[in-house]
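Trainee: I would like to go through the side-chain contacts of this model.
Mentor: Go ahead, one question at a time.

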Amino acid sequence: MRTLIMFMVYLAFTFCTAISHGASKKGILIVAFGTTVPEARKAYDNVDRLVKEEFGGVNIRWAYTSKMVREKLKSKGLIIDSPEMALCRMLEEGFEEIGVLSLHIVPGEEYHELKRSVELFSKMSEGLKYIAVSLPLLSSYEDLEQVAQVLLEELPKERKTQDAVIFMGHGTHHPAGNLYVAMAYVLNQKDPNVFLATVEGKPEFEKIIPRLRVNRVKKVYLIPFMAVAGDHTLNDMASEDPNSWKSILEKEGFQVIPLLKGLAENERVVRIWIEHLKKVFPK
Ligand code: CO
């Protein structure tokens, strides 16, 4: 008799949770800059896989913030939504709770634009109960420490301490661009032969070269500090173009080894992004 009652309580419980799950449709929107490099998209596939693993059963959608990337892909027959379009569709499909995962590196212009759009959606009377955006990869000092630790632990095994490593970040003139300076500092404090420079802001790449000389470096590893190893990695970092970092360093007499692996291909880095999402969108 007792087991029968317990069984009925169990049934009632599972039934109720099933109903409450059905009552609120939850979804995750992953927002990235986007990339036109097909090879680079494996980084996004990795994020998709890990988010699915973490939030099993929750619907996942993707959006790219770059209109240029979206248009280039469209001309090849691949349609990817803007964040706003993706949110409209999700509303239309009846999603009531949405967690937006920002796959940005720093809270710069694009992140704030996304945040503004999401705030507007939160004010719509469309039946949306909850919507929030997670913080980008580098948001706190702990993030800097954690990211630095992961990157240093996962440097190629053949890299010796006298070999330098230069991470290529994007950089921005937005005040959040200072996070790249902070990241460079944290990395360099942990390993004096590890540097970070950016394509469009501070720290500047050219200023690293004299420091390589002081440290008597002969070999340099170049690694992207961007979610994907896309356009900037292939062209500005690793190409044969005379202005690429590889060419500049080779001209200066260094042996250069570019590694084409985006941050989002690194499972431990992706977990930091996921932790940020879990803070605003608990399972
Ligand atoms: Co750019």
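Trainee: Which side chain meets that of Glu53 in a salt bridge?
Mentor: This is a predicted model, where local features need pLDDT of at least 70, side-chain atom pairs count only at pLDDT 80 or more, and totals for chains, interfaces and linings use all residues. Residues are numbered from 1 along each chain as its sequence is written, and side-chain values use heavy atoms, with hydrogens and water left out. A salt bridge is a side-chain nitrogen of Lys or Arg within 4 Å of a carboxyl oxygen of Asp or Glu. At 3.5 Å, N to O, the partner of Glu53 is Arg271.

Trainee: How many residues apart in sequence are the parts that Glu53 and Arg271 tie together?
Mentor: Helices are DSSP runs of H or I with at least four residues, strands are runs of E with at least two, and both are numbered from the N terminus. Glu53 lies in helix H2 (residues 41-54) and Arg271 in helix H11 (residues 267-280), so the separation is 218 residues.

Trainee: Which residue forms a salt bridge with Glu153?
Mentor: Glu153 lies in helix H6 (residues 141-153), and its partner lies in helix H11. The closest N and O atoms are 2.7 Å apart, and the partner is Arg268.

Trainee: Is Glu96 buried or exposed?
Mentor: Buried means under 20% relative accessible area, exposed over 50%, and partly exposed in between (1.4 Å probe, protein chains only). Glu96 has a relative accessible area of 18%, so Glu96 is buried.
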